[in-house]
Amino acid sequence: MTNPYARELGDFLRARRGRLHPHDVGLEPGGRRKVTGLRREELALLAGLSTDYYQRMEQGREVRPSDDVLDALAGALGLDGEERRHLFALARAARRPLPTLVDRGPERVPDSTRRLLRVMDTPAVVLGRHLDLLAWNPMAEALLGAPDAYPPHRLNMLLLMFDDTLTGERRCPDWERQALDYIGMMRAAVATDPTHPRATAIVGELSIRSVEFQRLWARHDVRASVRGTKTFRAPEVGDIVLDWDTYPLPGNPGPVMLVFTAEPGSADADRLQLLASLHATRSALTNNSSQ
């Protein structure tokens with residue numbers, strides 16, 4: 001049976017080799033090429049490895065590369081700091097005879113974190129290691145919609161992003177960038193436990209029903225934590241441009257808090273507050289009518 005970490009390592013190496021071209025590394029392209037990226041033998045030459053050894057690494061066969069070999073590969077592939085850490089984490093896990101057991105128990109949000117969410121005057125949610133939506137505050141509900149509209153097992157940022165009923169959101173210019181960020185976070189989670197049933201279910205479903213997901217997942221991008229800017233379409237108040245950041249919470253691996261903020265005193269901050277006020281009014285009317 002192939003070590004799942006070794007298989008993930010091989011897939012990562014193959015994806016990174018595929019994005020390089022001969023001219024990127026000072027090589028002549030030569031005659032007709034069957035591959036768009038570097039050939040295995042070209043990368044092996046750059047890293048000072050035998051082609052057979054490198055090929056076995058890509059195939060996920062029983063190879064336990066040393067740190068020196070990993071350094072050479074990282075240099076040959078031009079990996080950035082985050083990618084290099086990912087490479088080392090996968091390789092070190094693959095060296096072990098059996099994958100280390102990872103806690104697969106239910107993810108819980110501490111009461112103190114839920115209290116923090118309630119007092120925050122900005123949209124915030126808590127995401128599990130596989131991007132499951134574990135908790136949110138009223139401001140987030142005003143901005144993102146009511147999570148209660150979905151069954152609990154569908155409350156996942158990746159599943160929601162690639163939901164065919166929400167494809168209108170994909171017209172946003174930053175949709176693919178944010179999808180890549182979430183996919184990169186899932187890649188980081190998979191690196192800690194490649195056979196986790198939740199990860200397998202989410203990636204398996206999306207790989208079957210979404211060509212877009214297949215394409216982006218195949219890039220093997222990885223993100224430990226992310227930040228960015230997103231434009232939200234809010235018909236009641238107009239477009240709102242917010243910065244978003246992720247903050248790790250205790251645990252190994254632990255959940256993250258995703259927080260959306262606007263520049264104080266800006267038009268976006270005013271629109272966000274107006275949206276929250278409208279949502280609070282609607283919620284109060286709904287609660288009163290149900291009593």
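**Reading contacts and burial in a predicted model**

Author: The side chains of glutamine 178 and lysine 230 make a polar contact at 3.4 Å. This is a predicted model, where local features need pLDDT of at least 70 and side-chain atom pairs count only at pLDDT 80 or more, while totals for chains, interfaces and linings use all residues. Residues are numbered from 1 along each chain as its sequence is written, and side-chain values use heavy atoms, with hydrogens and water left out.

Reader: What counts as a polar contact?

Author: A pair of N or O atoms within 3.5 Å; within protein, one must be able to donate a hydrogen and the other to accept it, and residues adjacent in sequence count only if both atoms are side-chain atoms.

Reader: Is glutamine 178 buried or exposed?

Author: Buried means under 20% relative accessible area (1.4 Å probe, protein chains only). Glutamine 178 is buried, because its relative accessible area is 5%.

Reader: Which residues is glutamine 178 in contact with, leaving aside neighbours within four places in sequence?

Author: Contact means heavy atoms within 4.5 Å. Beyond those neighbours, glutamine 178 touches Met161, Lys230 and Trp244 in this sense.

Reader: Is aspartate 163 buried or exposed?

Author: Aspartate 163 is buried as well, since its relative accessible area is 17%. In space, aspartate 163 lies 9.2 Å from serine 210, C-alpha to C-alpha, although 47 residues separate the two in sequence.

Notes:
Buried means under 20% relative accessible area, exposed over 50%, partly exposed in between (1.4 Å probe, protein chains only).
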